[in-house]
Amino acid sequence: MAEKKKVEREFVEASTGKTGKRPAVVTAANKKSATGKRVAAVILWVLALAAEVCAILMLNGTWYIPEEQKMYWLIGALVIDLILVIIGSQLWKKANRLDPASKQSSVKFFLWNNMGLIASVICFLPIVILLLANKDLDGKTKKIVTVVAAIALVLASLFSIDFNPVSAEELADAQQAVGTGSVYWTRFGKSYHLDPDCRTLQNSATIYQGTIEEAFEANRTDPCDFCALDQA
C-alpha cells in the first residue's frame, strides 16, 4: 500500500482571492498578559536607568559620598541596575513568546526581540565610559568599579539577548499543524511533542500537557523531529 503523502495546503480568501497562510491567532488573554509584561519591563528598565544616573551623580561628585564609601555605593547602584535590567528583559522575552512579532521586517523583528539588549547597553555603557575617563577617582576604586560595571554590562547583555526569538509566522505554522489538540513537553526538553507516547518521552517522569500557545509560552517552540516524522 502506497504511503499517503502529506498535502501542503494553501488558504484562499473567497472574498478577495488572496492566498497565503493563516495568521497567528493570539487570544485576548495572551495579548493582555503580554502587554502587562511589556509595561512592567519598561518600568523596570526606567528604574535601572535611574540607578545608573545615581551612580553617575555619585561619580562626578554631584551627589556627595565620602571617598572611603564611594566604591561600595557605586557597586551597590550597579548591582541594582543589573537586577532590574535582567528582570525586565526576561519579562520582555516572555511577552514576545505570548504575542510574537512578524518577520516581515527583519530589522524591526530583530530590534523588537532585543529591546533588552538595547536597554542593557543604555543602562551600563555610559557609566563604563565615564569610569574610564574619570581622573579624580581613587585608583583602586576606579579599577574595581570599572571591572564590576564591565562585567555587569556583559551579564545584562547575555541575559537580555533572545538567541531564539519566535515569530508570528512560526506560531501560525504551529497552530495550523497542531490545530486544537494538545501538545506535550518536559521540564528540561526544548521541544514540544504531538504524541504523548513519543519515543523521546519514554524516560520522562513528568510530562506537561497544554495548548500550542502554552508550549510557546514555556519556550518550547521547536517541534519534536520524531513526532513530526511520525505525523507526516
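These legends describe close-up views of a predicted model.

**View 1. Asp 99 joins a network of salt bridges with Lys 31 and Arg 38.** The side chains of Asp 99 and Lys 31 meet with N and O 3.7 Å apart. Asp 99 sits in the loop between helix H2 (67-98) and H3, and Lys 31 sits in helix H1, so this pair ties together parts 68 residues apart in sequence. Asp 99 also forms a salt bridge with Arg 38, at 3.6 Å from N to O. Arg 38 belongs to helix H1, 61 residues from Asp 99. Asp 99 is buried, at 16% relative accessibility. Arg 38 is buried too, at 11%, while Lys 31 is partly exposed at 41%.

**View 2. Glu 67 and Lys 70 pair within helix H2.** Their salt bridge has its closest N and O atoms 3.8 Å apart. The two residues are three apart, about one turn of the helix. Glu 67 is partly exposed, at 38% relative accessibility. Lys 70 is buried, at 9%.

**View 3. Helices H1 and H4 run roughly parallel to each other.** Their axes come within 10 Å and cross at roughly 0°. Contact residues of H1 include Trp 45, Leu 49 and Ile 56, and those of H4 include Met 115, Ile 122 and Phe 124.

**View 4. A nonpolar patch lies on the surface.** Leu 49, Val 53, Val 107, Phe 110, Leu 111, Ile 118 and Ile 122 form the patch, with about 580 Å² of accessible area together. Helices H1 (28-59), H3 (106-113) and H4 (115-133) each give two or more residues. H3 supplies the largest share, three residues. Phe 110 lies in helix H3. Phe 110 is partly exposed, with a relative accessible area of 48%.

Conventions: Residues numbered from 1 in each chain as written. Predicted model: local features only at pLDDT ≥ 70, side-chain atom pairs only at ≥ 80, totals over all residues. Heavy atoms only, no water. Patch = residues over 30% accessible without salt bridge, like charges linked within 9 Å, V, L, I, M, F, W, Y side chains within 5 Å. Areas by Shrake-Rupley, 256 points an atom, 1.4 Å probe, with all protein chains shown as cover. Salt bridge = Lys/Arg side-chain N within 4 Å of Asp/Glu carboxyl O. Helix = DSSP H or I, 4+ residues; strand = E, 2+ residues; numbered from the N terminus. Buried < 20%, exposed > 50% of the residue type's maximum accessible area, 1.4 Å probe, protein only. Axes fitted to C-alpha atoms, helices over the stretch in contact; angles between N-to-C directions. Parallel < 35°, antiparallel > 145°, perpendicular 65-115°, else oblique. Contact = heavy atoms within 4.5 Å.
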